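User: Please examine the following model and answer some questions on its architecture.

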Amino acid sequence: MKNTLVRYQGGGYDGCIWEWNYAYFDEQGKFHDMYSSGSMGRPEESQVRAIIAELEGEDAPELFNLSLQPDIDRLNEINAESVMSISQWLEKEIGYELEVQCDDCKTYVDVLDIQLTDLRKEGGIVYSHHGKVCTLCFSEKQCDGCNEYNPGELKTIEDEGQYCADGCYDEKMRELAECCTPS
Ligand SMILES: [Zn+2]
Ligand SMILES: [Zn+2]
């Protein structure tokens, strides 16, 4: 197994909650424990190889061959924050450059040129990003009011910039109306 990322169900605190864990076989086939946690974490190569061989169906580890474009495309769909972390880890620990796909223009760019977007609450207490876009798309669709990325929902105000269709646009218009109204 070479240049292959393994995603499996690790974690397992108090026997119930699991989370994604990651391992990586580099271009020479050498094993790396990328992230393992809890009682189902597998920091050893033999443990990861065992679950690849044994587990089937939904519980089976997912394999991504990073030399194959379809696998890289598939990886980019899993979760914005995980893809970022994986790419950063590979670059830092192995010196391997894995470009990350912009959700908007679909271009693959260096991880440094990616910005996380779409911060949402999940499970009550945890916030996480659900989107990732390249800096070009980000600046093109960034609201000048709240500075957030807003795909396709911006209204332009001449000489002022572009604003979110709801809140920021209305607010800016009100502000402009106030400052220009002779009292
Ligand atoms: Zn883009
Ligand atoms: Zn805004």
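**Domains, sheet and core**

Analyst: The protein is divided into domain 1 (1-75) and domain 2 (141-180), with bounds that come from an automatic or database domain assignment. This is a predicted model, in which local features need pLDDT of at least 70, side-chain atom pairs count only at pLDDT 80 or more, and totals for chains, interfaces and linings use all residues. Residues are numbered from 1 along each chain as its sequence is written, while chains are lettered from A and ligands numbered from 1 in the order in which they are written.

User: How far apart do the C-alpha centres of domain 1 and domain 2 lie?

Analyst: The two domains cover residues 1-75 and 141-180. The separation between their C-alpha centres is 45 Å.

User: What radius of gyration does the protein have?

Analyst: The C-alpha atoms fill a box of roughly 80 × 35 × 25 Å along the principal axes. For a compact globule of 183 residues, a value near 16 Å would apply; that rule is 2.2 Å times the number of residues to the power 0.38, with the radius taken over C-alpha atoms. The protein has 22 Å.

User: Which residue in strand 3 is the bridge partner of Y22?

Analyst: Strands (E, at least two residues) and helices (H or I, at least four) are DSSP runs numbered from the N terminus, and two strands pair if DSSP finds at least two bridges between them. Strand 1 (residues 4-13) runs antiparallel to strand 2 (residues 17-25), with nine bridges. Strand 2 also pairs in the antiparallel sense with strand 3 (residues 31-35), over four bridges. In strand 3, the partner of Y22 is Y35.

User: Which residue in the turn between strand 2 and strand 3 has a positive phi?

Analyst: Strand 2 and strand 3 form a hairpin with five residues between them. The positive phi, about 85°, belongs to G29.

User: Which residues touch the most other members of the largest nonpolar core?

Analyst: A nonpolar core is a set of buried Ala, Val, Leu, Ile, Met, Phe, Trp, Tyr and Cys residues joined through C-beta atoms within 7 Å; buried means that 20 or more other C-beta atoms, placed from the backbone, lie within 10 Å of a residue's own. The largest core has 23 residues, and strand 1, strand 2, helix 3 (80-94) and strand 8 (126-134) each give two or more residues to this core. A second, separate core of five residues includes L154, Y163, C168 and Y169. In the largest core, the residues that touch the most other members are L5, V6, Y22 and I86.

Definitions and conventions: A residue is buried if 20 or more other C-beta atoms lie within 10 Å of its own, exposed if 12 or fewer, and partly exposed in between; C-beta atoms are placed from the backbone.
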